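The sequence and structure come first.

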Amino acid sequence: MLSSLVQAFRVPELRNKILFTLGILALYRLGAYIPVPGIPFRAFADSFTEQGVGMVMLDLFTGGALSNFSVFALGIMPYITASIIMQLMQGVIPAVGRWNREGEAGRRRVTQVTRYLTLGLALINAVGYLFLFKSAAYGVVFSTAVPEIVTDILVVFTVVGTALIMWMGELITQRGVGNGMSLIIFVSIVASVPSAIFSSINLNADFGMGLAVTILILVIVVLCIPAIIFIERAQRRIPVSYAKRIQGRRMMGGQNSYLPIKINAAGVIPIIFASCLIYFPAQLAALFNVDWLTMVSNAMSAGWVNWILTAAFIIFFAYFYTSIVFNPTETAENLQQQGGFIPGIRPGANTVAYLKNVMRHVILPGAIFIAIIAVVPSILFYFTNNALIQAFGGTSILIMIGVALDTMNKIESQLKMYNYDGFFK
């Protein structure tokens, strides 16, 4: 893999894409440490650490930007929430579902609506955080050098910097390597790892015991990585045969192929979607600052309620998202039009029923596996309060591995264009 990475930097076009991606990510991390003008940074940071679990978990997905109340305090969460809403609308509203099937023009329309929805959600969140941080829970006093209303407006429009993050992610997708939004989430999670390791070592009064526990956690994480990669790359291959036909003077078809159905076809999307829904009440609590809503958000952010909902949402979104990216009816129609068929299965309705049955049996084990990986570390963190388990929790590690594999696959496809072996020989 190291030699392939060296080869990637020897290709000027690919080297420029990698450096462009790293530059945008570095700019994003810089913005996570630039505080909003007029905020007493130290007083705010101290009060933030005393708040509920939900806020701490939201801060994990922003890479510490929320606890810094930086210009990127909202992170990428408004965009992810808007994407979830658009995905759900495609499955519920036929007109929106047709946009995704209208080719490039339809996808541009979906992207445009997602952008507007992101800005609306970001504005609502920004106003909510402003009222929350000025409430008695935080008691943050802004600068009195200018009128308070001017400071409020400045804070709101600065925090809506999520529009800039959205633009950065799209730039990476278009001109860099990998999916820009996924990489931004990846960097946000990775950024919390060093401080989590330091916190884990110093969690116990006995330095030796803290160091031993930290090493044990890291070893367990390393041992889990091969199993996660195996599930991420595992697939069920359905054999497909193509009938021979004469086209002009040439004999076409007659070859055998296969139709791959991944065990985890949705990738890390179910994890991200489930996390957003689980911590959405925490965002509402930040907006309205109501006691009962705060209590509900904290209950959903940790404990048995969180574990059950996380597992249920992950399994649901694994099926839901896979049904969007893989349509058995369309697949069966395309096979029939190309003269292809599954041996022993009649074309048409029988093929559709067969593909649906395979999907039900293949997706469930993968969904249960990633649900277990996501929930078990949360249980361990609940009882140990070790920040390293939280930073390297199931959700975090699945996102990191999934994004890393996807990015390496993108680089590998670029390398193969230049006749290199790629990462996976």
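Predicted model: local features only at pLDDT ≥ 70, side-chain atom pairs only at ≥ 80, totals over all residues.

## Two helix pairs

Helix α2 (residues 12-31) packs against helix α10 (residues 180-191) at an angle of about 55 degrees, and their axes are 11 Å apart. Angles under 35 degrees count as roughly parallel and 65 to 115 as roughly perpendicular, so α2 and α10 are oblique to each other. The crossing of α2 past α10 is right-handed.

On the α2 side, the residues that meet α10 are T21, L25, Y28 and R29. Their partners in α10 are L183, I184, V187, S188 and A191. Sorted by class, this contact of α2 with α10 holds six nonpolar, two polar and one charged residues.

The other pair is helix α13 (residues 269-278) with helix α16 (residues 304-325), whose axes come within 8 Å and cross at roughly 135 degrees. Here too the helices are oblique, α13 to α16. α13 passes α16 in a crossing that is right-handed.

From α13, the contact takes in I269, P270, I271, F273, A274, L277 and I278. α16 contributes N306, L309, T310, F313, I314, F317, A318 and Y321. The contact of α13 with α16 comprises 13 nonpolar and two polar residues, with no charged ones.

The table sets out the geometry of each pair.

| Helix pair | Angle | Axes |
|---|---|---|
| α2 and α10 | about 55 degrees | 11 Å apart |
| α13 and α16 | roughly 135 degrees | within 8 Å |

Technical notes
Residues numbered from 1 in each chain as written. Heavy atoms only, no water. Axes fitted to C-alpha atoms, helices over the stretch in contact; angles between N-to-C directions. Helix = DSSP H or I, 4+ residues; strand = E, 2+ residues; numbered from the N terminus. Parallel < 35°, antiparallel > 145°, perpendicular 65-115°, else oblique. Left-handed = near helix turned anticlockwise from the far one by under 90°. Contact = heavy atoms within 4.5 Å. Nonpolar A, V, L, I, M, F, W, Y, C, P; charged D, E, K, R; others polar.
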